[in-house]
Amino acid sequence: MNGGNGTISASQTVAYQATPSFTLTPNSGYVAGSVTGTCGGTLSGNTFTTNAVVAGCSVIASFINDASGGGTDSDNDGVKDADDQAPNNPNVATPDDQQGNPVTLETNHAFQNIEIVSASTLPSTGKPDESNYQFPKGAIEYTVVGVPNGGTITVTITFASTIPTGSKVYKISSTGGYQLFPNAVINGNQVTLTLTDGGLGDDDGVVNGQIKDPVAIAEPANNTTTTTAGSGGGGGSVSLAWLLFALMIYVLRYRNQRGMYW
């Protein structure tokens with residue numbers, strides 16, 4: 001899965017035990033961060049060469065801020081100091097989402113490789129029907145390090161606006177597709193995630209003291225609020241009463257003009 005801060009060359013069909021190479025192209029101000037997936041291999045500069053391929057496998061590239069040319073990242077969380085409201089605190093980071101609104105990530109451990117992934121680059125396999133759900137904020141990828149092996153942590157993500165009713169939280173990966181995250185708690189503009197190293201919510205699936213978490217909020221496609229006329233609980237009844245009263249006045253005037261009587 002490519003992030004929104006760079007691209008990786010297209011998928012390849014290769015011979016048994018071949019070792020294909022992939023080219024990583026970072027956007028301006030970013031460099032190749034890490035390459036994960038199931039192929040295994042070695043990253044040298046912007047070229048990733050896989051191990052011998054014996055079955056279908058995946059290559060997932062991520063990109064991080066270039067501290068030398070794209071701005072300093074003092075706490076190494078993936079968000080440049082100029083964009084981070086807590087530039088010296090790896091437990092808190094404030095990147096901007098796809099819509100350009102600030103997002104606050106918080107945990108008791110250290111963030112690394114935070115990346116906002118454009119909705120247009122999200123994998124299509126298993127993606128919810130766009131006529132029902134959409135990802136206007138894109139997705140957020142991050143790694144939390146310093147976790148006790150097999151430990152469970154909490155990550156809180158706070159958005160700039162209230163998350164619409166009916167929204168769902170998905171874990172997204174190139175290998176597992178879209179998985180509804182059962183332990184996510186949505187409250188107003190905040191999502192709370194409970195993640196376990198090597199278990200629920202950890203995309204690498206390995207007990208290794210770090211948790212890799214690609215996550216996205218799927219919002220209902222028809223996210224509009226209908227407002228009814230009138231104010232207060234009885235507004236509709238008042239409007240109907242006035243309509244009936246006006247009709248009665250009209251009928252009385254009509255009968256008087258015609259010299260008609262009840």
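Strand β17 contributes three residues to the lining of the largest cavity, the most of any element. The structure described here is a predicted model. In this model, two cavities of 30 Å³ or more are present, and the largest has a volume of about 70 Å³. Rolling a probe the size of a water molecule over the atoms shows where empty space is left.

The lining of the largest cavity is made up of Asp97, Lys137, Gly138, Ala139, Ile140, Ile157, Phe159, Val215, Ala216 and Ile217. By residue class, this lining comprises seven nonpolar, one polar and two charged residues. At least two lining residues come from each of the strands β11 (139-145) and β17 (210-220).

The structure holds four aromatic pairs. A pair of aromatic rings is described by the distance of the centres and the angle of the planes. For Phe135 and Tyr178, the ring centres are 5.9 Å apart and the planes stand at 40 degrees, so this pair is tilted. Phe135 is located in the loop between β10 (133-134) and β11, whereas Tyr178 belongs to strand β14 (residues 177-180); the pair therefore ties together parts that are 43 residues apart in sequence. Phe135 has a relative accessible area of 5% and is buried. Tyr178 is buried as well, with a relative accessible area of 11%. Tyr170 counts as buried, at 11% relative accessibility. Together, Phe135, Tyr170 and Tyr178 form one aromatic cluster.

Ser62 is part of strand β6 (residues 59-65). The relative accessible area of Ser62 is 5%, which means that this residue is buried, as the value is under 20%. When neighbours within four places in sequence are set aside, the contacts of Ser62 are with Ala32, Gly33, Ser34 and Glu115.

Cys39 is found in the loop between β3 (30-37) and β4 (41-44). Although placed in a loop, Cys39 is buried, with a relative accessible area of 13%. Residues up to four places away in sequence not being counted, Cys39 touches Thr50, Asn51, Cys57, Ser58 and Val59. The C-alpha atoms of Cys39 and Ile60 are 9.4 Å apart in space, with a separation of 21 residues in sequence.

Conventions
Residues numbered from 1 in each chain as written. Predicted model: local features only at pLDDT ≥ 70, side-chain atom pairs only at ≥ 80, totals over all residues. Heavy atoms only, no water. Helix = DSSP H or I, 4+ residues; strand = E, 2+ residues; numbered from the N terminus. Buried < 20%, exposed > 50% of the residue type's maximum accessible area, 1.4 Å probe, protein only. Contact = heavy atoms within 4.5 Å. 1 Å grid on protein atoms, 1.4 Å probe; cavity = no way out; pocket = protein on both sides within 12 Å on 5 of 7 lines; lining within 4 Å. Points joined across faces, edges and corners; volume = space filled by probe spheres on them. Nonpolar A, V, L, I, M, F, W, Y, C, P; charged D, E, K, R; others polar. Phe/Tyr/Trp six-rings, centres within 6.5 Å; stacked < 30°, edge-to-face > 60°.
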